[in-house]
Amino acid sequence: MTSYKELGLVNTREMFAKAVAGGYAIPAFNFNTLEQMQAIIQAAVETKSPVIMQVSKGARNYANGTILRYMAQGAVEYAKELGCEKPQIVLHLDHGDTFELCKDCIDNGFSSVMIDGSSLPYEENIALTKKVVEYAHKFDVTVEAELGVLAGVEDEVASEVSHYTKPEEVVDFSTRSGCDSLAISIGTSHGAYKFTPEQCTRDPKTGKLVPPPLAFDILHEIEKKLPGFPIVLHGSSSVPQDEVDTINAHGGKLPDAVGIPEEQLREASKSAVCKINIDSDSRLAMTAAIRKHFDEKPGDFDPRQYLKPARENMKKMYIHKIVEVLGSNDKL
Ligand code: G3H
Ligand code: 13P
Ligand code: ZN
């Protein structure tokens, strides 16, 4: 058993309480690689922001659980080396799908886990979440649950249509499951293709796709029913057009990729939404920089030559999210 406390990590409890009260959201950035981890920590330290480093089941399989544990410990020490006296860093399991996976993460240094029972029948979702909560709380690990289904692909759970969270269920669900935070469905979805062109309108001036707005009415109803309770938004990448254009200009093929407009995420951050998940934007920033590099310098083959600009581009994106969208800067 390795407690996250030995690694210098924190759970989400105090972080979320401050974020809800302060009207900002904590960034939850997915990572799989050293360069992503370095960029996340550099961005968090430079902006004085708390940060959640999260790994999916797939990321854990890719990177190896033992290596990840030491990367998280390394992240804390790296933040201190960069001048942050008291880093607030969470290592979080994203979209855990079984009790066993959550337990394994809790036993191996994670300070927060998500149990995603959103594809299960309501009562089964409660029962599974409760089981994880009972185990996690013994070790002061916090638990995120999900109610409602996002469109798109959630790890291996596929859902073609989105089922918005039903506000009338949230009090019963959170009370009976004991979860510490709740991911809801209000129209976001995973990946770089969040909406089909048919679901969007076209801006007559630019010809770009304009996605339908998020269901803020549902968010506000949930807030009224659960005052002060931490709410989580998944699928919150904005899919920046300049990164998509760079990828497409340098041999990529991402036609009609579309994300969540930043002004809507800015608005959500001011509400009870206190954790915003971003993965695809990091993938796009990395890919855009690498594609551009290879196109301009076809003779390069040392990974450091193209991973360095990739890391810088991700860091720029993380800083932008923290300062311009989520407002979690200057909170340490
Ligand atoms: O919500 C899913 C995250 O973007 C993680 O994706 O399962 O490909 O690592 P992944
Ligand atoms: P994006 O695909 O929009 O980055 O969402 C990531 C996410 O929700 C991870 O759980
Ligand atoms: Zn997600």
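This is a predicted model: local features need pLDDT of at least 70, side-chain atom pairs count only at pLDDT 80 or more; totals for chains, interfaces and linings use all residues.
At what angle do helix α2 (residues 34-47) and helix α12 (residues 303-326) pack, and how far apart are their axes? Residues are numbered from 1 along each chain as its sequence is written, and chains are lettered from A and ligands numbered from 1 in the order in which they are written.

The answer is an angle of about 40°, with the axes 8 Å apart, where axes are lines fitted to C-alpha atoms, for helices over the stretch in contact, and angles run from 0 to 180 degrees between N-to-C directions. That makes α2 oblique to α12, because angles under 35 degrees count as roughly parallel, over 145 as roughly antiparallel, 65 to 115 as roughly perpendicular and the rest as oblique. By class, the contact of α2 with α12 holds ten nonpolar, four polar and four charged residues; here Ala, Val, Leu, Ile, Met, Phe, Trp, Tyr, Cys and Pro count as nonpolar, Asp, Glu, Lys and Arg as charged, and the others, Gly among them, as polar.

Helix α2 also packs with helix α4 (residues 65-81), at an angle of about 35° and with the axes 10 Å apart, again in a right-handed crossing. Met 37, Ile 41, Ala 44 and Val 45 of α2 meet Met 71, Ala 75, Tyr 78 and Ala 79 of α4, and this contact has eight nonpolar residues, with no polar and no charged ones.

Turning to the ligand, 14 residues surround ligand 2, the closest being His 234, Ser 237, Asn 277, Asp 279 and Ser 280, where near means a C-beta atom, placed from the backbone, within 6 Å. Two or more residues of that shell come from each of β3 (89-96), β12 (273-278) and α11, and its classes are one nonpolar, ten polar and three charged.

Finally, the chain as a whole has twelve helices and twelve strands, these being DSSP runs numbered from the N terminus (H or I, at least four residues, for helices; E, at least two, for strands). Its C-alpha trace spans about 55 × 50 × 35 Å along the principal axes.

Methods:
A crossing is left-handed if the near helix is turned anticlockwise from the far one by less than a right angle, and right-handed if clockwise. Two residues are in contact if their C-beta atoms, placed from the backbone, lie within 7 Å.
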